[in-house]
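The exercises below are meant to be worked with the sequence and the 3D structure side by side. Try each task before reading the solution that follows it.

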Amino acid sequence: MQLFNEVNARKIHGERNVFHGIFKNPIFCSIVVGTFLVQILIIQFGGKPFSCTELSIDQWLWCVFLGMGTLLWGQVSILILEQFFIYHCLYKTWRRAMTASCQQHNRTGSNVAILKLFGTILILFID
């Protein structure tokens with residue numbers, strides 16, 4: 001799971017494609033490959049010093065399968081945070097603030113548009 005979590009952690013600001021530009025960063029690639037190789041060596045040959053036993057092919061495939069679940073969970077959590085938190089929690093606060101601002105500037109609240117563009121909130125007053 002650690003390897004897949006490293007890939008998930010590359011994009012932290014609601015970006016969807018965690019694989020975009022993955023090979024453009026040689027330091028990241030070397031860390032992932034190094035982690036991959038060290039984990040295999042420790043599990044297969046670590047024995048008593050690391051208190052572990054070697055895994056069969058089936059067990060390794062299950063580890064990969066379960067680890068890939070973190071990639072899916074990363075996408076689901078982005079979707080949940082984006083949909084629930086922003087639109088259901090913050091939208092009401094922004095809407096109240098914009099209505100108050102419109103009243104202060106003698107504008108009606110129906111002429112306000114709140115747009116989310118590339119992660120930035122744009123507030124438009126439409127006359």
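**Exercise 1. Which residues make the nonpolar surface patch of about 510 Å², and how do two of its aromatic members stand to each other?**

Solution. The model is a predicted one, and in it Met-1, Trp-62, Phe-65 and Leu-66 together make a nonpolar surface patch of about 510 Å².

Step 1. Finally, consider the rings. A pair of aromatic rings is described by the distance of the centres and the angle of the planes. The search of the whole structure finds one aromatic pair. This pair is formed by Trp-62 and Phe-65, with 5.5 Å from centre to centre and 85° between the planes, and is edge-to-face.

**Exercise 2. Is Thr-70 buried or exposed, and which residues beyond its neighbours within four places in sequence is Thr-70 in contact with?**

Solution. Step 1. Locate the residue, which is found in helix α4, and compare its relative accessibility of 18% with the cut-off: Thr-70 counts as buried because buried means under 20%.

Step 1. Look at the side chain of Thr-70, where a polar atom lies 2.6 Å from the backbone oxygen of Gly-67.

Step 2. Set aside the neighbours within four places in sequence, and the contacts of Thr-70 are Met-1, Phe-4, Asn-5 and Asn-8. For one of these, Asn-5, the C-alpha atom is separated from that of Thr-70 by 6.4 Å, although the two residues are 65 residues apart along the chain.

**Exercise 3. How many helices and strands does the chain have, and what share of its residues is buried?**

Solution. Step 1. Counting the elements gives four helices and two strands, and read from the N terminus they follow the order α-α-α-α-β-β.

Step 1. Of the 127 residues in the chain, 19% are buried, and the accessible surface comes to about 9,800 Å², with 69% of that area belonging to carbon and sulfur atoms.

Step 2. Among the contacts in the chain with a separation of 6 or more, 38% are between residues 24 or more positions apart.

Conventions: Residues numbered from 1 in each chain as written. Predicted model: local features only at pLDDT ≥ 70, side-chain atom pairs only at ≥ 80, totals over all residues. Heavy atoms only, no water. Patch = residues over 30% accessible without salt bridge, like charges linked within 9 Å, V, L, I, M, F, W, Y side chains within 5 Å. Areas by Shrake-Rupley, 256 points an atom, 1.4 Å probe, with all protein chains shown as cover. Salt bridge = Lys/Arg side-chain N within 4 Å of Asp/Glu carboxyl O. Buried < 20%, exposed > 50% of the residue type's maximum accessible area, 1.4 Å probe, protein only. Contact = heavy atoms within 4.5 Å. Polar contact = N/O pair within 3.5 Å; in protein donor to acceptor, adjacent residues only side chain to side chain. Phe/Tyr/Trp six-rings, centres within 6.5 Å; stacked < 30°, edge-to-face > 60°.
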